[in-house]
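My entries follow in the order I made them.

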Amino acid sequence: MSTAGIHAGWTRADTHRALTPPIYASSAYAQTSHSSLRALFERRADGFAYSRSGNPTTEVLEQRITALEGGIGAIAVASGQAATTIALCALAAPGGHVVASSRLYGGTTELLDDTLADLGVTTTVADPWDLEAWEAAFTPHTRAAIVESIANPGAQLLDLDALTAIAHAHDVPVIVDSTLASPALYRPGDHGADVVVHSATKYLCGHGTTIAGLIVDTGRFDPRRCPERWERLTTRNRRFGVTFADEYARGGSGLLAYARAKYVTDLGATLPATSAQQILVGIETLDLRLRKISTDATTLAGRLAAAGEVAEVHHPSLPGRPDRHLVARDFPRGTSGVFSIDLHGGEDAAAAFCDALELWSLAVNLGDARSLVCHPASTTHSHLTPAQREACGVSEGTVRLSVGLEDLEDLWGDLSRGLDAARAVLPEARAVPA
Ligand SMILES: Cc1ncc(COP(=O)(O)O)c(C=O)c1O
């Protein structure tokens, strides 16, 4: 993991043998002849024509994440949101059915509920901890299932081997948003996932500088097993003049070739080369960062669980969590720096807690080197219905924490200041001893 994070995808193949992959800031690429450009457009040759659909720096990032996830290919896109949108569209649009975990990032729930619903994609939401409900959600029209390997913001884990076995029995590929885990902690492909998406904005970047997304094909999905179901991939595409599923015979991904040719190019959700390089630099320290961050988060979660101001801590290491057994089984390297707490006193206590912090920043991001907090009910999950918020463990008193790389005791000192402020707003009758 640490070695691939630094070397995969880059062989110093440029003129100057640059050690760090250089930024190819070029919109287009001069061709040697009319026929070579024609060959690119007819998909008879590999190469770069125009950076909306491919760029040499971005390609290094695609190869690196492919190696880290143990996949057969990847595409880099403009954001994590673009990655989820394109993965879902490539499998389920138009008019397909999706089975979605009840615990997803708010933006994914909104995407399914609103924008993809406008395109005729229907969704059934199921609790991934309830395998019977999960199984019952599949229909003959289901084209994709989507879950998060570590759910944002409650850090719930799931038995992906069991969930993918059910989906595959229905010939349905499973997309795993593995943003919080990153390949440093968990490889969804090793547990049956077909497609992995990342908001590379978070841990892969690691320093809060860049918005980026990645889609990885783990090599499990093969539309040729059910050609009528995946007609768009298994029959000749009139527009592009190829059958995308033929890519599999060459060891590539037909699904990603289709997603890049159609969705990345049509929607223009391209990742800039400068952003790709920022993510490549971030990945070099991913393994190291995630080790410290996960350990510190577990320590802080344990201390917060003992604090009287906190009604509940949502962290999988804690007693009583139904997913606790999965920590040792599937997440021996840790469960990331993201978890949430429910404060007694609802939004008033959450606001007092957040406002009192000096070291932790109030910001709607995660995976930064800096420690961050946010109040999901009024931000990332604010457009959801109360029932949707409840299903993913978000209440008015929930605060999401994203532990950064600062000193553990400095972080705890600041959280203690926040807890004092949260206690101060509790009515006398409910006041809890310090
Ligand atoms: C789990 C998860 N997936 C996807 C996204 C969307 O990523 P981006 O902000 O890079 O578009 C986020 C953003 O917070 C996220 O937390």
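**Entry: largest pocket.** How many residues line the largest pocket, and which lie nearest its centre? I was working on a predicted model. I found 39 lining residues, with Arg43, Asp46, Gly47, Ser53 and Arg260 nearest the centre. The volume of this largest pocket came out at about 1,400 Å³. I then looked up which elements contribute at least two residues each to the lining: helix H2 (34-41), H3, strand S1 (73-77), helix H10 (246-249) and H11. By class, I noted 15 nonpolar, 13 polar and eleven charged residues in this lining.

**Entry: second largest pocket.** I noted a volume of about 350 Å³ for the second largest pocket. Its lining has 22 residues, and the closest to the centre are Gly80, Gln81, Tyr105, Ser199 and Lys202. H4 and strand S6 (195-199) are the elements that give two or more residues to this lining. I sorted the lining of the second largest pocket by class and got six nonpolar, twelve polar and four charged residues.

Entry: Rolling a probe the size of a water molecule over the atoms shows where empty space is left. I found two cavities of 30 Å³ or more. The largest cavity holds about 60 Å³. Which residues line the largest cavity? I listed Ser51, Arg52, Ser53, Gly54, Asn55, Thr58, Glu62, Ala76, Arg260, Val264, Thr270 and Leu271. Helix H3 (56-69) and helix H11 (254-267) each give two or more residues to that lining. I counted three nonpolar, six polar and three charged residues there. I also noted that Ser53 and Arg260 line this cavity and are among the residues nearest the centre of the largest pocket.

The second largest cavity has a volume of about 40 Å³. I listed its lining as Ser101, Arg103, Pro128, Trp129, Glu148, Ala151, Gln156, Leu157 and Leu158. By class, that lining has five nonpolar, two polar and two charged residues.

**Entry: helix H4.** I checked the length of helix H4 (residues 80-92) against its residue count. At 1.5 Å a residue, its 13 residues should span 18 Å, and the end C-alpha atoms are 18 Å apart, so the two agree. Is H4 largely enclosed or exposed? Twelve of its 13 residues are buried, so the rest of the structure largely encloses H4. The buried residues include Gly80, Thr84, Ile86, Leu88, Cys89 and Leu91. I noted that Gly80 is also one of the residues closest to the centre of the second largest pocket.

**Entry: cysteines.** How many disulfides does a search of the whole structure find? I got zero. For Cys205, the nearest cysteine sulfur is that of Cys374, 18 Å away. A disulfide needs the sulfur atoms within 2.5 Å, so Cys205 is in none. Cys205 has 1% relative accessibility and therefore counts as buried. Cys392 is in no disulfide either, with the sulfur of Cys374 the nearest at 12 Å. At 3% relative accessibility, Cys392 counts as buried.

**Entry: Asp330.** I placed Asp330 in helix H14 (residues 324-330). Is Asp330 buried or exposed? Its relative accessible area is 8%, so I recorded Asp330 as buried. I also found a polar contact of 3.1 Å between the side chains of Asp330 and Arg329.

Terms used
Residues numbered from 1 in each chain as written. Predicted model: local features only at pLDDT ≥ 70, side-chain atom pairs only at ≥ 80, totals over all residues. Heavy atoms only, no water. 1 Å grid on protein atoms, 1.4 Å probe; cavity = no way out; pocket = protein on both sides within 12 Å on 5 of 7 lines; lining within 4 Å. Points joined across faces, edges and corners; volume = space filled by probe spheres on them. Helix = DSSP H or I, 4+ residues; strand = E, 2+ residues; numbered from the N terminus. Nonpolar A, V, L, I, M, F, W, Y, C, P; charged D, E, K, R; others polar. Expected span 1.5 Å × (residues − 1). Buried < 20%, exposed > 50% of the residue type's maximum accessible area, 1.4 Å probe, protein only. Polar contact = N/O pair within 3.5 Å; in protein donor to acceptor, adjacent residues only side chain to side chain.
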